[in-house]
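Please open the model in your viewer and keep the selection panel within reach.

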Protein chains: 2
Amino acid sequence: MSLLAVGSVAFDDLETPSGKRENVLGGSASHFSLSASRFTPVQVVAVVGEDFGPEQYRVFEGRPIDLAGLQRRPGLSFHWKGEYGVDLNEARTLETHLNVFAGFKPDLPPSYRTAPYLFLGNIEPSLQLEVVRQMDKRPIWIALDTMNFWIDGARGPLLDVLKMIDILLVNEAEARSLTGERNLLKVYQKVQALGPSILVVKRGEYGMLLLTPGGCFAAPAFPLEEVQDPTGAGDTFAGGFLGYLAAAGNLDLGTLKRAALAGTIMASFAVEAFGTERLQGLTEDAYQARCAAFEAMLHFG
Amino acid sequence: MSLLAVGSVAFDDLETPSGKRENVLGGSASHFSLSASRFTPVQVVAVVGEDFGPEQYRVFEGRPIDLAGLQRRPGLSFHWKGEYGVDLNEARTLETHLNVFAGFKPDLPPSYRTAPYLFLGNIEPSLQLEVVRQMDKRPIWIALDTMNFWIDGARGPLLDVLKMIDILLVNEAEARSLTGERNLLKVYQKVQALGPSILVVKRGEYGMLLLTPGGCFAAPAFPLEEVQDPTGAGDTFAGGFLGYLAAAGNLDLGTLKRAALAGTIMASFAVEAFGTERLQGLTEDAYQARCAAFEAMLHFG
């Protein structure tokens, strides 16, 4: 069943201890849709500029990714420049050029408006709300990602949209600044009072924590000997997690746990190369082999 | 089978966001032995002063904890004063009074010298080495804990004792400063070259990572709504982990994983109250109930 995803499509300039790359395809919607489309058809809502050409479109071809909602506008695409130190957990932003993203107004094609599942990627909360308003009917579930910039600077609109959200995906710092609590079980109680019944706390190299009314779950990141570029790991996790849930068609605790493992595995591939490169070349065999290795690792008899 | 443990026995003055306590029983050997003795008999090697009296001895009574190797010397016991901020991951040391611990020379009673399992708690590496030398025969396995103070300041003796170690337990910062690597799989390769074949990386609220020749394992901490005092959590984990292993009598990967879960559960109780209070009152029912809850949480079908 189709998963509608709104977010950014960008070019990234990246520097990590493994190297330096320019004009790499990035943005939350790119990472998310490449990951989610392994599990379920994805409909993308985003905006790009004239620099987004055949080479970029080709990345999404041959996959169940619908780009009817990808607007192309005069000007340049969103461009982000960032670097990571030896501690790959946090990016340092060097430059942000919003370009065409500054005037982004989501406009859902009619074929998108009945999507049963909706992911509101990390954009301005008022635009996330606008996407929900354009739906013909309330999706079966709505998931949302956000960041401290909106938690601090657009709290009102964010709280408005949170009332409609079923699944909130944030990192630890975001979870804490949203609720004012440090303990994650207390964070979860406050999140539930804001709207979302399911909370996913993304913890980078420590994996993730899943909090649901039926119980919680935690999974470590898949241990890797080399991480080339952590950019987009969270969006790739979200894509795998929500893509798996959309394909499964339910939110049972067991399904949520297996979805979390699927997202974790997808994210582990994403960070092995710059940008979306590793996901583009990911084979079914490689995915299945890593799933088996991860399950064997986590199994304790 | 008996597990011999050398370490410190201390009085702690503690301040955490949950409160303030003075003269609480602490030290690595206290936390370790109370935890390990749930699984296997423990023989303690440590030193205390004249301030260690009947009240303190009583804490260890009625458990399979042998205090024949607990020296009592003129003077005061090791005394540590520390505080924690809202982030409970790191203690700030306010005062350290070594007292009788400054002149500590391990002296193993004859009945200790054939112990099949040995834990060298975090003390000066030359003293850890001295304990190994006093054994009549090489134990089946030897485990070791250390800290950056020795990694930086007594590297030579530490490397000497590491050659004889099977299981190394350290936190992430210690693992990295010991090996000069950041990536934990690379850390593990270097640790193996130094001697230990099994590495346990303690990660506080993120749980632990277990690296063995047969595969790896990671477990999150047990989610708690309130942590009163994290002092001794690592020693309590080590006690549960190694106590379980000593009782099991093998180092199979499955056993190592279940031992890691046992240590994790014991540590989750330890932090619920100040000092050793929660472990002293821990019932079999409470332990089993939390094990069942943790296994249900980690199970993903």
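For the lining classes used at the first stop, Ala, Val, Leu, Ile, Met, Phe, Trp, Tyr, Cys and Pro count as nonpolar, Asp, Glu, Lys and Arg count as charged, and the others, Gly among them, count as polar. Please also keep in mind throughout that this is a predicted model.

**Stop one: the cavities**

A search for cavities of 30 Å³ or more gives a count of two. Begin with the largest cavity, which holds about 100 Å³ of space, and select A:Arg203, A:Tyr206, A:Met208, A:Ala218, A:Ala219 and A:Pro220 together with B:Arg203, B:Tyr206, B:Met208, B:Ala218, B:Ala219 and B:Pro220, which line it. If you colour this selection by class, the lining of the largest cavity divides into 10 nonpolar residues, two charged residues and no polar ones. Strand E13 (215-219) of chain A and strand E13 (215-219) of chain B each supply at least two residues of that lining.

Next, move to the second largest cavity, whose volume is about 80 Å³. Its lining is made of A:Phe217, A:Ala218, A:Ala219, A:Pro220, A:Leu298 and A:Phe300, along with B:Phe217, B:Ala218, B:Ala219, B:Pro220, B:Leu298 and B:Phe300. The elements that give two or more residues to the lining of the second largest cavity are E13 of chain A together with E13 of chain B. By class, this lining has 12 nonpolar residues, with no polar and no charged ones.

**Stop two: aromatic pairs**

Over all chains, a search of the whole structure finds 23 aromatic pairs. Select A:Phe32 and A:Phe119, whose ring centres are 4.2 Å apart and whose planes meet at 10°, so the pair is stacked. This pair links distant parts of the chain, since A:Phe32 lies in helix H1 (residues 28-36) of chain A and A:Phe119 in strand E8 (residues 117-120) of chain A, 87 residues apart. Both A:Phe32 and A:Phe119 are buried.

Now turn to chain B and select B:Tyr117 and B:Trp141, an aromatic pair that is tilted, with 4.8 Å from centre to centre and 35° between the planes. B:Tyr117 belongs to strand E8 (residues 117-120) of chain B and B:Trp141 to strand E9 (residues 141-145) of chain B, so the pair ties together parts that are 24 residues apart in sequence. B:Tyr117 has a relative accessible area of 3% and is therefore buried, and B:Trp141, with a relative accessible area of 2%, is buried as well.

Back in chain A, select A:Phe39, A:Tyr244 and A:Tyr287, which form one aromatic cluster.

**Stop three: charges over rings**

What lies over the face of A:Phe269? Selecting A:Arg290 shows that this residue does, at 4.0 Å from the ring centre. In chain B, the charged end of B:Arg290 sits over the ring of B:Phe269, 4.0 Å from its centre.

**Stop four: the cysteines**

How many disulfides does a search of the whole structure find over all chains? The search finds zero. Select A:Cys291, which is in no disulfide and whose nearest cysteine sulfur, that of B:Cys216, is 15 Å away. Seen from the other end, B:Cys216 is likewise in no disulfide, and the nearest cysteine sulfur is that of A:Cys291, 15 Å away. Because buried means under 20% relative accessible area, A:Cys291 counts as buried at 16%, and B:Cys216 is buried at 18%.

**Stop five: helices**

Select helix H1 (residues 28-36) of chain B, where nine of the nine residues are buried, so the helix is largely enclosed by the rest of the structure. Among these buried residues are B:His31, B:Phe32 and B:Leu34.

For a contrasting selection, go to A:Ala293 in helix H11 (residues 284-298) of chain A. A:Ala293 is partly exposed, with a relative accessible area of 36%, and its C-alpha atom is separated by 9.2 Å from that of A:Phe222, 71 residues apart along the chain.

Finish at A:Leu256, in helix H9 (residues 253-270) of chain A. A:Leu256 counts as buried at 1% relative accessibility, and the C-alpha atoms of A:Leu256 and A:Leu242, 14 residues apart along the chain, are separated by 9.1 Å.

Note on methods:
Residues numbered from 1 in each chain as written. Chains lettered and ligands numbered in written order. Predicted model: local features only at pLDDT ≥ 70, side-chain atom pairs only at ≥ 80, totals over all residues. Heavy atoms only, no water. Phe/Tyr/Trp six-rings, centres within 6.5 Å; stacked < 30°, edge-to-face > 60°. Helix = DSSP H or I, 4+ residues; strand = E, 2+ residues; numbered from the N terminus. Buried < 20%, exposed > 50% of the residue type's maximum accessible area, 1.4 Å probe, protein only. Lys NZ or Arg CZ within 6 Å of the ring centre and 35° of its normal. 1 Å grid on protein atoms, 1.4 Å probe; cavity = no way out; pocket = protein on both sides within 12 Å on 5 of 7 lines; lining within 4 Å. Points joined across faces, edges and corners; volume = space filled by probe spheres on them. Disulfide = S-S within 2.5 Å.
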